[in-house]
Amino acid sequence: FWMILPIVLAMIIVSVVVSKRTLSKDKETQTTTLLESVLPPFNLIMFLLYPRVTQIAFEGFPCYELADGTGYLIVDVSIECRTPEHDSARFLAWLAVLLYPLGLRGFNGVLLFLARKAIIDGTDTPLSRSIAFLYREFEPQFYWWEIAEMMRKFLLVGLFVTIEPGTITQIALGTIVAAAYLMVQCQASPYKSQSDDYVSKQGLEPWTGRIAC
């Protein structure tokens, strides 16, 4: 369900926008580009779904390992690991990882790269207006910070789920990444609002407890 939900929602958004533009006689709607109409709601929905979809995509990998050498998929113990059925589940999981955690980050990264000059200069273009959701909260020189946030979510709620689940190694890796991210954020202060910078520096989420800069 979660794997196809973003695709379904994207198709609905495009269909609704195209229909509205076709049927509407409003001049403002007609002068707005298709890009400006589609990308803002698409990015908002993908932003909300990104952590959950990333987590689910990586749940196709970790297994319970038993003393007799067998293992069962943690998310679905009816599937025995290292079997053709598990291989099929892993294939779908890899496809989901490439499509969503990596694909969405790459897609947004390309959009930001193409619009970087307009963003830094403070000029308006159809593309920069379309992706304002991705950078409007950050200082112009840190227009790319949302990609860093997506990487953090990718690691903490996705990739690290597959690394020795429930062990001190998993916790240690998560703590190191969260601490390193906090150090960079303390130095960068990427948000336009001082209150946003302050709130973002006050903790490392559940991984390490609350640690201020």
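Biologist: Which backbone oxygen lies 2.7 Å from a polar atom of the side chain of Gln 170?

Modeller: This is a predicted model, in which local features need pLDDT of at least 70, side-chain atom pairs count only at pLDDT 80 or more, and totals for chains, interfaces and linings use all residues. Residues are numbered from 1 along each chain as its sequence is written, and side-chain values use heavy atoms, with hydrogens and water left out. Gln 170 is buried, with a relative accessible area of 15% (buried is under 20%, exposed over 50%, partly exposed in between, with a 1.4 Å probe and protein chains only). The oxygen at 2.7 Å from its side chain belongs to the backbone of Phe 160.

Biologist: How are the rings of Phe 142 and Trp 145 arranged?

Modeller: Rings of Phe, Tyr and Trp (its six-membered ring) pair if their centres lie within 6.5 Å; planes under 30 degrees apart are stacked, over 60 edge-to-face, and the rest tilted. For Phe 142 and Trp 145, the centres are 5.9 Å apart and the planes stand at 90°, so the pair is edge-to-face.

Biologist: What is the angle between the planes of Trp 144 and Trp 145?

Modeller: Trp 145 is buried at 2% relative accessibility, whereas Trp 144 is partly exposed at 36%. Their rings form a tilted pair, 5.4 Å centre to centre, with the planes at 45°.

Biologist: Which residue lies over the face of Phe 154?

Modeller: Phe 154 belongs to a cluster linked by ring pairs, together with Phe 58, Phe 61 and Trp 94. Over its face, at 4.9 Å from the ring centre, lies Arg 105.

Conventions. A polar contact is a pair of N or O atoms within 3.5 Å; within protein, one must be able to donate a hydrogen and the other to accept it, and residues adjacent in sequence count only if both atoms are side-chain atoms. A charge sits over a ring if NZ of Lys or CZ of Arg is within 6 Å of the ring centre and within 35 degrees of the ring normal.
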